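Biologist: I would like to learn how to read a model like this one. Please take me through it.

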Amino acid sequence: MTENLRPFLRHRLFWPLAILVALLLLNLVFTDHFFNVEIKDGHLYGSLIDIVRFGAPLILVALGMTLVIATSGIDLSVGSVVAISGALACLQISDLRDQNSVGGVMGAVGIALALSLVLGAWNGLLVAGVGIQPIIATLILMVAGRGLAQLITDGQIITINSSPYKLIGGGYWLTLPFGIIIVLAVLALTAFLTRRLALGMLIESVGGNAKASRLAGIRARGVILTVYTFCGLCAGIAGLMISSNVSSADGNNAGLWIELDAILAVVMGGTSLSGGRFSLGGTVIGALIIQTLTTTIYSIGVPPETTLLFKALVVTIVCLIQSPAFRAKVFHRRRRRPAGAPPVAEEKVRVTA
Amino acid sequence: MTIATVLGSSPVPRKYVPVLVTAALFAAMFVVGGIRYEGLATGQVILNVFIDNAFLLVVAVGMTFVILTGGIDLSVGSVVALSTMVAATLLKQGWSPWAVMVLVVLIGSVLGLGMGAIIHYFEIQPFIVTLAGMFLARGLCYTIGTASIPIDDPTFTAFAQTQINFGDMWISPSVVIAVVVVAVAAYALHYTRLGRNVYATGGNEQSALLMGLPVARTKIAVYTISGFCSALGGLLLSFYMLSGYGLHAVGMELDAIAAVVIGGTLLTGGTGYLLGTVLGVLVLGLIQTIISFDGTLSSWWTRIVIGLLLFVFILMQRLITARRR
Amino acid sequence: GCGSGSGGTDSAGTSGSGDKKIVMGFAQVGAESGWRTANTKSIQESAKEAGIELKFSDAQQKQENQIKAIRSYIQQKVSVIAFSPVVESGWDTILKEAKNAKIPVILTDRAVDSPDKSLYKTFLGSDFVEEGKKAGQWLVDQYKDSKDPVNIVQLEGTTGSAPANDRKAGFEQVVTDPKFKVIASQTGDFTRAKGKEVMEAFLKANPKIDVLYAHNDDMALGAIEAIEGAGKVPGKDIKIISVDAVHDGMQALADGKINYIVECSPLLGPQLMDLTKKVLAGEEVPARVVTEETAFTQEQAKQALPERKY
Amino acid sequence: MKALDGVDFRLLPGEVHALMGENGAGKSTLIKVLTGVYDIDAGEIELEGRQVAFSSPLAAQQAGISTVYQEVNLCPNLSVAENIFIGREPRRLGRIRWKEMRRRAAELLGRLDLDIDVAAPLSAYSLAVQQMVAIARAVDIDARVLILDEPTSSLDASEVAQLFRVMRRLKEQGIAILFVSHFLDQIYEIADRMTILRNGRLVGEHLTSELSQVDLVGKMIGRELADLERLEGRPPAREGARLVEADGLGRTGAIEPFTLTIHQGEVVGLAGLLGSGRTEIARLLFGADHAGTGTLRIDGEPVNLRSPRAAIHRKFAFCSENRREEGLVPDLTVRENIVLALQAARGWTRPIPRRRQDELVGKYITALNIRPAAPELPVRNLSGGNQQKVLLARWLILEPRLLILDEPTRGIDVGAKAEIQRLVAELSDGGMAVLFISAELEEVLRLSHKVAVLRDRRLVAEVENDERLTTDALTETIASGGAS
Ligand SMILES: Nc1ncnc2c1ncn2[C@@H]1O[C@H](COP(=O)(O)OP(=O)(O)OP(=O)(O)O)[C@@H](O)[C@H]1O
Ligand SMILES: Nc1ncnc2c1ncn2[C@@H]1O[C@H](COP(=O)(O)OP(=O)(O)OP(=O)(O)O)[C@@H](O)[C@H]1O
Ligand SMILES: [Mg+2]
Ligand SMILES: [Mg+2]
């Protein structure tokens, strides 16, 4: 390969991206016109658009999760928050006299998001304030939250008929699905906060070495609280999207297992579960890989019984290809060491003892 | 009983305080539950918690090893399901029950070994590898069959329905198996090199490597142990349910992780005791028992109350241990 | 029996229900769908009406949790145990324990496959295979004059779950003519969101779909949105058959967006309480009580809709 | 990047061989290559004439090479005894004999004059104690080659003497010892021969007796270091205002109540033995630990420092002795590590402009001679001494009023050490107060205006640093507990 390709190959997002592209190409083999994007009724329409549209909630949740994981935490409760926020919004809207009133819908959305913030902050409080291990602190809300969501919906599926609400997850704006716009906005905001402002560095520092961060004067508790609150907010928005997309709130099933997918997306995107360095772009690609995989399964007609085998296969291949150690061992290249980059040692040593 | 022996032995070092606090809280919860609900404060109820959670206990033991090295194993629930499925299918085809048991345990261990090897040699995060393992095992279940397969083999039925009586209380053979597993594992963790290497690897993997410890072997071993325990847990579950089913034990990995962590083991590795895991399982079981003794909670209140009880428990545990420091 | 050494008399069940309050332990599967919630409500309400004290527990879709709950009911010496088995197999041990404790057991919703029929008194519930058959039969009738191939897509329930397995099997038993082709079949996990997502992918991958068979109303409702999003008319361009007949589904049926719904009634409560009283009074009950269920066409739906509560 | 380039090196039985070089010269890398931590790209290793290739530290250890790596590489969660014996625990029938293990551990540490509870977790002890434990582990392993990478960096004179006694005994037994240290006096005391590295290349091999200190330094840094000893007597401190007054400040179990005043522009040294409580004082003054008793006044006003953040707000800075655990964030780059405290003080909403960052970082990379001078390199890839400089730079850019330095020259080479000392002197002349902690008494004496002496976690004496104060006098004061 030529010299100027090198830095591109070295980039840490290269392999995830390559895998995403490979998955998309795989689809082309099975579905003609997979890459076609047309304009139907003034909307962009096509499989590629669908992947982003359906992946939008996952991307959102995974973005929040990325920051949480960067502080070496984890948030299992996102699925429950998704359910709660959707349920609350739909409940409010179903109580409106005019479900199409923009003001009413905005109010409902506001209340739902406010609650998501509170729930996120609750997690943050348990982790940062009380000092409970993140996995167990968020497990509490994961279990109780689903109950709360069902309490809100009274165990039923609340169906609404509100066109302003529908816009959030199922609507279009300037031919683009509105969900994609929201994702772009949140992504931009997150990138701004973490990369333009200094939040990102503080998060990475807290995740990389909490003790040292405290001694460097970082308000670690504040950072952790912020991050969990933000994660709650992201999950809340995702909840609105999911419920808006089907115009109904399902307390039991909305966002079920989304935490696993979100964590998987984060990890595939190159952020380590042990905290520290994080990559927002990687997370987005990770989430897109997962969504593409799901779509692929539907479109190439993998039977439901073998779906999971297929998933296992793809995830394994993805991880192996991404692993530098695997590439080095299999393609007979230089071995890498856990410590990081290997110092190239060229020497002749004679030890006589 | 296990708690009492620890309490009895010489002055308590500080490192045991969290476990003791957990034990005390568990006892308190039992007493409060007993006052609140008639018939709860009997020995049999405690034994029932063991009977109903023997399989979880075994799975959690394996998980403890993994978490102590700072890893995680998400595949356990699926391996449990796969084990029930394989056992049921083979028994239906007329295999000898003992051969089935050996094979099931072998499959679980090999799966664990494979995952451990990938995690170590290709340096991939355990979370993803075991998640793939989770998909794989569950997927294999469905490929074997989507329906539930009954088990009517006499040996399995005997394991399922034998009651070991003492006085007017009883336990199932599974409880005996689980207790043996716990005892062996506790011995291994405390008194063998493998066990200490597990703690060292979890404390600081890089240092353990530089100290010349067999980190590779240890890491692979813990995933193999976890696979073994999951498979054994799967067998106990097939005794318990007398059926094989692809949807068995959905989400059990979370229960197992929760039990381990409630028991005071740090997810970052290196700190924790097996006794804590046992207590964690008991706490989860007791919460469930209290809920079903209450019997007035609707489905969603059930979840909320489980969450609340968990919260109160963890909070108390945290506050008391923090103050003791 | 266990635990009875000090208690003296055995369980209250056999001594007649007139003077003693009946305590029923009910181990519900979970609250995984609106259907299930309606089922729970029906049982709770009719228990109150019948003056039966209900001990209710929710297993969150896990068989082991149901077993645990039943074991604790035995411990609490309730008069009767009722439950909706998550799956058919694996109940012998716990049912034997109940039998030893002389507590009668009533199954609701689905049967267990235990060869020993004495373990439970009776079984009250729907027949999922029958539901699949009804759905298939309607399809066969609709297309009996047509020679053209009919492209069917299927939205299955949660992989491995009994309704999904049986509704699929029943449907396949009836729809045998080679002109019917199931061109795609995928699980939608019984939810609207998944139903919509899967249907969108089906629509992209298959240009010509004639019929959609959804294992429950929720998935059908999700799929309708996908079909509308693709610029097609649900109920006309693509015919839709589904199962359950919950309120929203009936509404869509009445609106012409669904073509046929097979009912699966959750309102088992009154029948269950009747059976309970009979069992405790020592009366003979049939070993199998099928709930009264029908199926709805679009016209029937319009009439039935106003009374639909769940 | 090449860390080592064609280095030939031999180690003979029964000798102490010093490996010399500046920070980042490649000493630690050579050791890691020798012991199988890194793979070799070219060249070979022979052990007793046989060619060997170690795939892991375990293999090296089994072949008879016992190593103390530069950073303390032990498991903080395990007990002291276990850290010494793990991997070779005394066993009977496969069962670990805990009692026996603890007994032997206590005995072994006793030989190094360390009397601590071996059942307590390692993390309960200060870094210096951990370093001693690591040494104990290495010397107890029955080896033919013993490698010690900066084992003495935070030990004081008496511990070093203990270590040297053990090393001489091992040497007599015919064991080959490879020793790395930046303390030239130590090298000349113990080493027979030395190999000098510069920028990953071999500069030469010499007998210690044939090479003068000045020549050695010249070979190490590639130029003459004329002004190494320039910093002789300290000018008396100008009478500054009182900055910090600690009155009866203390914390149970850590440090008895003490009274200490630090003026502006004053350098106060802390002297004491291992675990005497120097670090504890520093932590209390910085708000890293909460004081149980006493009051703290800053500029005459009583304050309650709740967190390091509050201290930083008052322009205090604390450079921890434990750079790995409490100092650096290994994943972050050199630049990020340097600006971290400044950024934290400004809050995350006010990022330091990138240009300003580069400027600041560039300035200190040059001033402290951090190598490689690559601000975007993850700090974990730097050599130990350079990491220490990065940590120092972090606090210097804050331009603090009180700079607390806990073993700031740990692992830093001679040239850089002089540089840092000069910097400290300069800053204090500019009005900055400094609390200086070092195991090296000469250093303390050279810099401070006043020395506070600690013993058994009590501040026992305060001595003005005038002409008459010598290291011997100070040692005497420490030993006698301030009675003289
Ligand atoms: N893991 C690593 N990855 C990349 N480069 C490294 C790594 N470790 C060390 N280096 C580089 O190798 C060079 C030699 O480092 P080494 O640690 O051997 O120095 P040293 O002589 O031990 O210095 P010191 O006296 O500061 O400990 C340095 O330039 C360092 O930046
Ligand atoms: N020799 C020792 N004996 C017992 N405990 C010790 C010893 N050294 C250190 N410790 C423990 O380490 C803790 C830290 O001590 P501290 O860091 O204040 O000592 P120090 O004077 O800074 O010495 P050091 O040179 O080790 O840094 C103390 O609280 C004490 O518990
Ligand atoms: Mg070094
Ligand atoms: Mg110190």
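Biologist: Which chains have the most contacts between them?

Modeller: First, the ground rules. This is a predicted model, where local features need pLDDT of at least 70, side-chain atom pairs count only at pLDDT 80 or more, and totals for chains, interfaces and linings use all residues. Residues are numbered from 1 along each chain as its sequence is written, chains are lettered from A and ligands numbered from 1 in the order in which they are written, and side-chain values use heavy atoms, with hydrogens and water left out. Contact means heavy atoms within 4.5 Å. Five pairs of chains touch, and chains A and D have the most contacts.

Biologist: How far apart are the nearest C-alpha atoms of chain C and chain D?

Modeller: They are 38 Å apart, and these two chains do not touch.

Biologist: Which residues come nearest to ligand 2?

Modeller: A residue is near a molecule if one of its heavy atoms lies within 4 Å of it. Ligand 2 has 16 residues around it; D:Ser126, D:Gly275, D:Arg278, D:Thr279 and D:Arg457 come nearest.

Biologist: What is 2.4 Å from an oxygen atom of ligand 2?

Modeller: An N or O atom in the side chain of D:Ser126. In the side chain of D:Glu321, an N or O atom is 3.0 Å from a ligand 2 oxygen.

Biologist: How much of the accessible area of ligand 2 does the protein cover?

Modeller: Such areas come from the Shrake-Rupley method with a 1.4 Å probe; for residues, only the protein chains shown count as cover. Ligand 2 has 610 Å² on its own, and the protein covers 84% of that.

How values were computed. A polar contact is a pair of N or O atoms within 3.5 Å; within protein, one must be able to donate a hydrogen and the other to accept it, and residues adjacent in sequence count only if both atoms are side-chain atoms.
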